[in-house]
Amino acid sequence: MSTAPGRRGVGERIAAGESRRRALEGALGTRGVVPASRAAFPSRLHDERIAAILGLALGIAFAVCFATGLVSHLAQHPLDLGLLSMPAEPAWLYRVTQGVHVATGTAAVPLLLAKLWTVYPLLFAEPPVRNAAHLVARIALVPLVAGAIFLLGSGLVNITGWYPWSFSFPVAHYFTAWIVMGALLVHVGAIWAPARRGLSRAAARAPEPPGDGLSRRGFLGAVAAAAGAVTLLTAGQTVRPLRGVSLLAPRDPAVGPQGLPVNKTAIGAGVIETARDPGFALVVDGDVARPLRLSLADLEALPQHEAELPIACVEGWSASARWGGVRVRDLLELAGAGEVREVRVSSLQERGSFRASRLNAIHAAHEDTLLALRIGDAPLALDHGFPCRLIAPNRPGVQQTKWVARLEVRA
Ligand SMILES: Nc1nc2c(c(=O)[nH]1)N[C@H]1C(S)=C(S)[C@@H](COP(=O)(O)O)O[C@H]1N2
Ligand SMILES: [Mo]
């Protein structure tokens, strides 16, 4: 057993009257967390300081991911929650929060793998349970680790647009996030002392633990480089200037009809015929004085407006376009809607999760909330929602309903 220079060895400590356990812990710098056998886990990288630094980075990544995830949850459940209902401004807000959500989740993957590898010898620490608090902390590791792996794994699969499961991704992801954050609080409480020690200035100044292979600094550098690289190589799906290095991004935000990606095609949605039907009519009804039925020509004859707005998919890609069409608020006024609580937007699509959405009162009244008929000067491509689609500022892509057939007002 070698020890760092300046650190007293086990023998010295025992000679000085320390118990065997304290001496071992003191020599290893792992008070209370002595691996079952140092010989079984010889790497010097199973180290308190590495664990603490990776833990801090992961804690920050998970906190940011959780906060931005809550924004996304709120945005997708647009009940009128007063102050909590999603504002329409700034128009780019959801694009940024969701981009950050996916970027921090992606960066957390190498951080989590490195952290799990660093600390797994502690699973075999002796004794397995020291007291009630230690038991709780160990049990909390199960939801923490399993939940974190599920969140990052299902998130990664989701951003590739692949849904190989039968459960609802947003529901499972949302509830697991609360469980993980709860378990994380328990965990932070349990590892507070060694984490502070690992992050202390003394630990920073302490020399590299002796041993072969990668140094502490080298290992942390490699993990940071991996986290940075996966983030940089995917961020191009939402940060235009990074498109060129976007090797890992599932999407190029400039590739698609009219220079815009497509998530659900008209064929996939089963709307090819209904969307092209010359008899198409948009219905505006519900709590209105004069229900409307408007043909495409009627919509084109109404006052037209333009707005530069992004589509910001929950999957993390986003792309901006110049949309032209009729303001939703003009349609509501024309129909004689009074006080609006929400507007239910539904499409020609008969099956599928995203065939309908809801506008809260703030979005319904906003001047840039359009029933779009055009991108730039050209009519909407069939895949972008021809004959008309919803586009509103600061709103998740899943709620920018395409092939809109009905606006139902709820007072
Ligand atoms: N009717 C309908 N509208 C929809 C969808 C859908 O599946 N059906 N997908 C939504 C999703 S998830 C996104 S990200 C945007 C993408 O719009 P785009 O395909 O025009 O880029 O459309 C939204 N509108
Ligand atoms: Mo989306």
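I count Ala, Val, Leu, Ile, Met, Phe, Trp, Tyr, Cys and Pro as nonpolar, Asp, Glu, Lys and Arg as charged, and the others, Gly among them, as polar. The model is predicted, so I use local features only at pLDDT of at least 70 and side-chain atom pairs only at pLDDT 80 or more, while totals for chains, interfaces and linings use all residues. Residues are numbered from 1 along each chain as its sequence is written, chains are lettered from A and ligands numbered from 1 in the order written, and side-chain values use heavy atoms, without hydrogens and water.

Entry on ligand 1. I looked up its shell (a residue belongs if one of its heavy atoms lies within 4 Å). I found 19 residues around ligand 1, with Pro261, Gln349, His384, Arg389 and Lys402 the closest. By class they are eight nonpolar, seven polar and four charged.

I then checked N and O pairs within 3.5 Å. An oxygen of ligand 1 lies 2.5 Å from a polar backbone atom of Pro261. An oxygen of the ligand is also 2.5 Å from a side-chain N or O atom of Lys402. A nitrogen of ligand 1 sits 3.4 Å from a side-chain N or O atom of Ser347. Alone, ligand 1 exposes 530 Å², and the protein buries 99% of that (Shrake-Rupley method, 1.4 Å probe).

Entry on Thr97. I located Thr97 in helix H4, residues 93–119 (a DSSP run of H or I, at least four residues, numbered from the N terminus). Thr97 has a relative accessible area of 12%, so I list it as buried (under 20%, 1.4 Å probe, protein chains only). Its side chain reaches the backbone oxygen of Tyr94 at 3.3 Å. Leaving out residues up to four places away in sequence, Thr97 touches Thr68 and Val71 (heavy atoms within 4.5 Å).

Notes
A polar contact is a pair of N or O atoms within 3.5 Å; within protein, one must be able to donate a hydrogen and the other to accept it, and residues adjacent in sequence count only if both atoms are side-chain atoms. Helices (H or I, at least four residues) and strands (E, at least two) are DSSP runs, numbered from the N terminus. Buried means under 20% relative accessible area, exposed over 50%, partly exposed in between (1.4 Å probe, protein chains only).
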